[in-house]
Amino acid sequence: MQQEKAQTTKQRPSWTFILQIFLTFLKIGPVTFGGGYAMIPMIEREVVDRKKWIKPNDVTEVFAISESVPGAIAINSATFIGFRLAGVRGAVAAMLGVLLPTFLIVVGLSMLFILVKDNPYIEAAFIGIRSAIVALIVYAAYKIGLTAIYDKTTLTVMVITVAILFFLHIHPVLIIIGGMGVGILLVQIRKKLGIFTAMDKEESKQKAEIV
Amino acid sequence: MLLWEIFTTFLMIGFVSFGGGYAMIPVIELEVTKHGWMNTQELTDVIAIAGMSPGPIATNSAIFVGYQTADLLGAVVAALGMMLPSLFIILIIATFFFKMNKNIFVKSAFYGLRPIITGLIIYAAIRFAITNNVVGTMNWHTASLLGIFALSLFALIKIKLHPIFVIAISAGLGIVLYY
């Protein structure tokens, strides 16, 4: 197969293959609603089942890594797969492919919104929608909280974060970077002291079973 | 230069954009209000439209903010700003075959990060609830907004209704109640 040859011989991938990558991810874009996670099964079906570009095991790893990289998991996964298939050009092609339909739809909706936002029906609808958006954000917090908050330490960190944001007005970017630093420091110190740290919910469960 | 400001703002957000789009809402809110591009209520509408569009919430919001602030070019630079950090980091990881999710430093960084992400989203929820009068002095208007909020949350958690339907139903309720 063309793409395997491109990978194994480390030749420069052909532009037709780059175009094929672009078109594949272009197709995935417009049919998914509800955030990046909805795209994951689509990507899997397309690159594992249909195109057989990536093995099932490898794609799981790609998704796992894409979650740890900043940015949307769907776009990250596409970029990662594109890179594996055809280097930097493949990465850029996949990224643009997955982004372009979304981009056009959002720009289209923005134009539409600016045109209709003063219409009294739309204004009334958006009063209702804004309450639903608050619910959506609470729901997002609830879902991530289910896996992120599993002991006193994680709960304390969460409460302190909310308090800092409200009362100290520290830039959230600094809190995020600081949090990563504190995480690394804390685990290292506890390791030196010989204290085990359950670094996610799974480990916390395992620890509970051992104890 | 407005375009440059938009680009660098979203470039910075792109570098810390962990934990699904909702965690970035307070960061985007702080930046757009600081630059005077939008107020918090306008940003709520942005999030609504981002949620109605296919694709990731944070990227969609960035595109919308860029478009509202500086038209099509604004949207392009906002999207590029959000994308480039991810591209850059993925290229580094993929080139060096870095086993990111097994690395102890990455794991412990996420140990610190996850509860903070949760805190950020809770903060965003409280801020948006206050700005959009979901909480406040009790009168008929606030009570009805609180009702839509409670109904939406129930539909999301208990009935597992898809967000797009929740938005559609609340839009219908909005027209019935407030027109």
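1. Ground rules. The model is predicted, so local features need pLDDT of at least 70 and side-chain atom pairs count only at pLDDT 80 or more, while totals for chains, interfaces and linings use all residues. Residues are numbered from 1 along each chain as its sequence is written, chains are lettered from A and ligands numbered from 1 in the order in which they are written, and side-chain values use heavy atoms, with hydrogens and water left out.

2. Overall build of chain B. Chain B has seven helices and zero strands (DSSP runs numbered from the N terminus, with H or I of at least four residues for helices and E of at least two for strands). The C-alpha trace spans about 60 × 40 × 30 Å along its principal axes. Of the 179 residues in chain B, 57% count as buried (under 20% relative accessible area; exposed is over 50% and partly exposed lies in between, with a 1.4 Å probe and protein chains only).

3. For chain B, the unreviewed UniProt entry gives "transmembrane region" at 6–25, 46–67, 73–97, 109–126, 138–156 and 161–178. UniProt positions are in the numbering used here, feature names are shortened, and annotations may be inferred rather than shown by experiment. Worth a look: residues 6–25 of chain B are 55% helix and 0% strand, with end C-alpha atoms 16 Å apart. Residues 161–178 of chain B come out at 89% helix and 0% strand, with their end C-alpha atoms 24 Å apart.

4. The same annotation on chain A. The unreviewed UniProt entry puts "transmembrane region" at 21–43, 63–83, 90–115, 121–142 and 173–189 of chain A. Residues 63–83 of chain A are 81% helix and 0% strand, yet the end C-alpha atoms sit 14 Å apart. Residues 173–189 of chain A are 100% helix, with ends 24 Å apart by C-alpha.

5. The interface. Chain B and chain A bury about 8,500 Å² between them, 81% of it on carbon and sulfur atoms (accessible area, 1.4 Å probe, that two parts lose on being put together, summed over both). B:P54, B:I90 and B:Y111 supply 9% of the area chain B buries against chain A, more than any other three residues. The contact (heavy atoms within 4.5 Å) takes 92 residues from chain B and 89 residues from chain A.

6. On the chain B side, α5(B) gives the largest share, 24 residues.

7. B:S170 is in helix α7 (residues 163–178) of chain B and is buried, at 1% relative accessible area. Leaving out residues up to four places away in sequence, B:S170 touches A:A125, A:G128, A:I129, A:A132 and B:I148. B:F165 is also in α7 of chain B, but counts as partly exposed at 48%. B:F165 lies 28 Å from B:M138, C-alpha to C-alpha, and 27 residues from B:M138 in sequence.
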